[in-house]
Every structure is written in structure tokens, then in C-alpha cells.
Amino acid sequence: MEELVSHLRRVPNIEVVDWTPYPHDEAWAVISSLYFTDGSVENAATIAESGEPWLPLTEWIIKENPCVKKLSAQKLYYWQEEREAYRKEHAKVWKDTATGIDAMGRKTGMVDGILCPVGRGVAPKHDTAKYWGYTSQWNLLDYPAVTFPVGKADMKTNTPKGSFVPMTDVDDEHWKLYDPREFDGLPISLQLIGRRFEDEKVLAVLEYLKQVVSVPMP
């Protein structure tokens, strides 16, 4: 992402600003509580009927997820309220990026899109994709996103940094999953996020980026 941003900063018509992520852990608590509001009773019954074993990631998101509970009508309403409150807060954060006011008193010059990773790294090994924070947040917010390739992993340059200090246990767990040799040559992708109902704008911005910067980058 740093490499692409360095190219974009040299394009006259593009202004790049740093975006401070709004609490992704809070978003995960809300959306993972709303994934299976029946406590995943139906899913469990369907799996049992099939006679097939539970896959590791299915067990992780359902059986090992403390947020998966059978919600009463009151609890369901609570989490829906939390979702709407989070959407409202995030919308304000985005609006506050505005740099001007037009003749009608409306805010102008807001950020057009958020450029961010799609996941914690390149395509993960099977049964290891246990962090969804880069995508689940936009699902919760109902924001459009488009994913696009920017390059490929290179074991000669994409080597682990010895000075890395994990922020959390989850961070440390995912850091240890990376193997430069095993992931060599796999595509690296980023995503562009837009505000609600701005699907066409997101695609238009991406097309413009592709015109001014060679993507995927050599």
C-alpha cells in the first residue's frame, strides 16, 4: 500500500491523506453478534443432517465465537441499535474530513474513498483466515468496496522484520502465519471503499487510479 500511495502522491489531481481507522474491534463485536442471531441452530442442524464434519473455520466462527448466541427479541433490537449507532458515528467521522463549505452551507472536499488492505496479507492458507476486520466493517456499514490487484509477493523483498512488535495476541498469531518462500508470487490486493450508495463512484475512482498509475504495479 505504501508503494501505491507514493505513486499517487505524485499525481497532481489526487490528494492523499492519512485515514485513522474507526474502531474495527467494535465493528466486529456488533456484526459477529448479528451473523447468527438464532445461535446458529439452523446451520448446526443442516450440518448434522449432511453427516459431514464441521470445517475448522466453521467451528471457529460459530462454536468458538463468544458473540454467537440465540438472541431474544430484546437482544436482537439492542444489537441492531448498536449497528445503527456505529453507522451514524462512522458517517460523522467521514463527514468531518470535509475541507470546505459551499454556498448552500454544505460540507465539501470530503474524502472520496478509503484505500486499505483486503486482509492481513496475501491469500491465506486454508483454515487460517480468522481475521475479517478489513472487510466485515464495510459489510456492517453497508459501504461499497472494490478489490483490485497491485502486485505480487516477493520473498526477496517481503521478508519479516525482526523489529516487529505485535499489538495483540491475534496480531502475533497472524504474523507467524507468513512464510516468504511459501507465499512467493501470490497476488497482493488492496481495496477501495466508498460511502453508502456510492458504488458507481468507487468504480469510477478506481478507473481513474488505473489511468494515472500502472496497476498491478511491476
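The model is predicted, so local features need pLDDT of at least 70 and side-chain atom pairs count only at pLDDT 80 or more, while totals for chains, interfaces and linings use all residues. Residues are numbered from 1 along each chain as its sequence is written, and side-chain values use heavy atoms, with hydrogens and water left out.

**Exercise 1. Get your bearings**

Solution: 
- Step 1. Now count elements, taking helices (H or I, at least four residues) and strands (E, at least two) as DSSP runs numbered from the N terminus. The chain has eight helices and five strands, in the order α-α-α-α-α-β-β-β-α-β-α-β-α.
- Step 2. Check the pLDDT, the predictor's confidence in each residue from 0 to 100. The chain averages 92, and 100% of the residues score at least 70. Confidence is lowest in strand β2 (residues 107-108), with a mean of 78, and highest in α5, at 97.

**Exercise 2. Look inside**

Task: Work out how much of the chain is buried and which residues touch the most other members of the largest nonpolar core.

Solution: 
- Step 1. Set the cut-offs: buried means under 20% relative accessible area, exposed over 50%, and partly exposed in between (1.4 Å probe, protein chains only). Of the 218 residues, 27% count as buried.
- Step 2. A nonpolar core is a set of buried Ala, Val, Leu, Ile, Met, Phe, Trp, Tyr and Cys residues joined through side-chain atoms within 4.5 Å. The largest one has 16 residues, of which I114, W138, L140, Y143 and I193 touch the most other members.
- Step 3. Trace where this core comes from: α2 (24-34), α5, β3 (114-117) and α6 (133-141) each supply at least two residues. The largest share, four residues, belongs to α5.
- Step 4. A second, separate core holds 14 residues, including L8, L206, L209 and M217.
- Step 5. Zoom in on Y143, using contact to mean heavy atoms within 4.5 Å. Leaving aside residues up to four places away in sequence, Y143 touches H90, A91, W94, W138, I193, G194, R195 and R196.
- Step 6. Finish with helix α4 (residues 56-63), where W60, I61 and I62 are buried. The buried residues of α4 pack against α2 and α3 (41-50).

**Exercise 3. Follow the charges**

Task: Find how many salt bridges the chain has, then say how exposed the partners are in the R9 and R87 pairs.

Solution: 
- Step 1. Apply the rule: a salt bridge is a side-chain nitrogen of Lys or Arg within 4 Å of a carboxyl oxygen of Asp or Glu. The count comes to 10.
- Step 2. R9 pairs with D18, with the closest N and O atoms 3.7 Å apart. R9 is partly exposed at 49% relative accessible area, whereas D18 is exposed at 72%.
- Step 3. R87 meets E84 at 3.3 Å, N to O. Both lie in helix α5 (residues 73-95), three residues apart, about one turn of the helix. R87 is buried at 16%, while E84 is partly exposed at 34%.
- Step 4. Widen the view: R83, E84 and R87 are linked in a network of salt bridges.
- Step 5. E207 and K210 form another salt bridge, at 3.4 Å between the closest N and O atoms. These two are three residues apart in helix α8 (residues 199-212), so about one helical turn separates them.
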